[in-house]
Amino acid sequence: MALLFLAALIGIPLIEIMVFIEVGSEIGALNTIIITVVTAIIGVFLIRIQGIGVLMRARATLDRQETPVNEIFEGIFLALAGLFLIIPGFVTDTIGFFLLIPPLRRSLAAYMARNSNFVAANIRRPGGRTSRGGTVIDGEYEVIEKEPPTIEPTDKPNPDSPWRGEK
């Protein structure tokens with residue numbers, strides 16, 4: 001996994017530089033920069049719109065008292081799309097725009113939801129049992145505080161009172 005991360009960390013910028021050089025030589029450096037900035041702006045706008053849609057679907061799923069697993073993974077893919085669109089480059093912009101296609105993103109989210117160990121370990125089973133085997137007990141409680149002690153009036157003078165004539 002670490003080698004894959006290192007390869008991506010080194011490989012993606014190298015590929016982006018190569019594509020920048022090729023595109024820049026065809027359409028010019030200024031046009032290349034303008035296209036890169038415009039794709040980032042369009043991508044951020046699309047992510048805002050689609051992100052609100054995913055949040056609304058997640059809210060509806062929670063209202064039905066279901067776990068919004070697919071919506072969580074869709075949100076993760078939208079965040080990745082935003083990251084790829086903000087990073088300057090044509091390859092990362094292409095990946096980001098592919099992640100903005102709703103059917104593709106939903107199918108990826110459904111695949112991740114089916115094959116994720118985290119989700120499988122935390123889904124509640126009927127009868128209040130989780131797949132880990134623990135029992136969930138639902139209940140209510142009430143905090144009962146002790147009443148403060150009451151002071152009985154006395155007829156004897158209090159020698160410790162700053163008011164000497166007080167009884």
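**Helix packing**

A: α3 and α4 are roughly antiparallel to each other, since an angle over 145 degrees counts as roughly antiparallel, under 35 as roughly parallel, 65 to 115 as roughly perpendicular and the rest as oblique. This is a predicted model, where local features need pLDDT of at least 70, side-chain atom pairs count only at pLDDT 80 or more, and totals for chains, interfaces and linings use all residues. Residues are numbered from 1 along each chain as its sequence is written, and side-chain values use heavy atoms, with hydrogens and water left out.

Q: What are the angle and axis distance for α3 and α4?
A: The angle is about 155° and the axes are 7 Å apart. Axes are lines fitted to C-alpha atoms, for helices over the stretch in contact, and angles run from 0 to 180 degrees between N-to-C directions. Helices are DSSP runs (H or I, at least four residues), numbered from the N terminus.

Q: Which residues make the contact of α3 and α4?
A: From α3, F77, L80, A81, F84 and L85; from α4, T92, D93, I95, G96, F97 and L99. Contact means heavy atoms within 4.5 Å.

Q: And α2 against α3, at what angle do they cross?
A: Helix α2 (residues 29–63) and α3 cross at roughly 170°, and their axes come within 10 Å. That makes α2 roughly antiparallel to α3. On the α2 side the contact includes T39, A40, G43 and V44, and on the α3 side E71, E74, G75 and L78 are among the residues.

Q: How do the residues of the α2 and α3 contact divide by class?
A: Nine are nonpolar, seven polar and three charged. Here Ala, Val, Leu, Ile, Met, Phe, Trp, Tyr, Cys and Pro count as nonpolar, Asp, Glu, Lys and Arg as charged, and the others, Gly among them, as polar.

Q: What about α3 with α5, what's the angle there?
A: Helix α3 (residues 69–86) and helix α5 (residues 102–115) pack at about 120°, with axes 8 Å apart. α3 and α5 are therefore oblique to each other. F73 and F77 of α3 and L108 and M112 of α5 are among the contact residues. By class, that contact has nine nonpolar, one polar and three charged residues.

Q: Changing topic: where is confidence lowest, and where highest?
A: Helix α6 (residues 117–122) is lowest, at a mean of 55, and helix α4 (residues 90–99) is highest, at 91. The chain mean pLDDT (the predictor's confidence in each residue, from 0 to 100) is 81, and 79% of residues reach 70 or more.

Terms used: Helix = DSSP H or I, 4+ residues; strand = E, 2+ residues; numbered from the N terminus.
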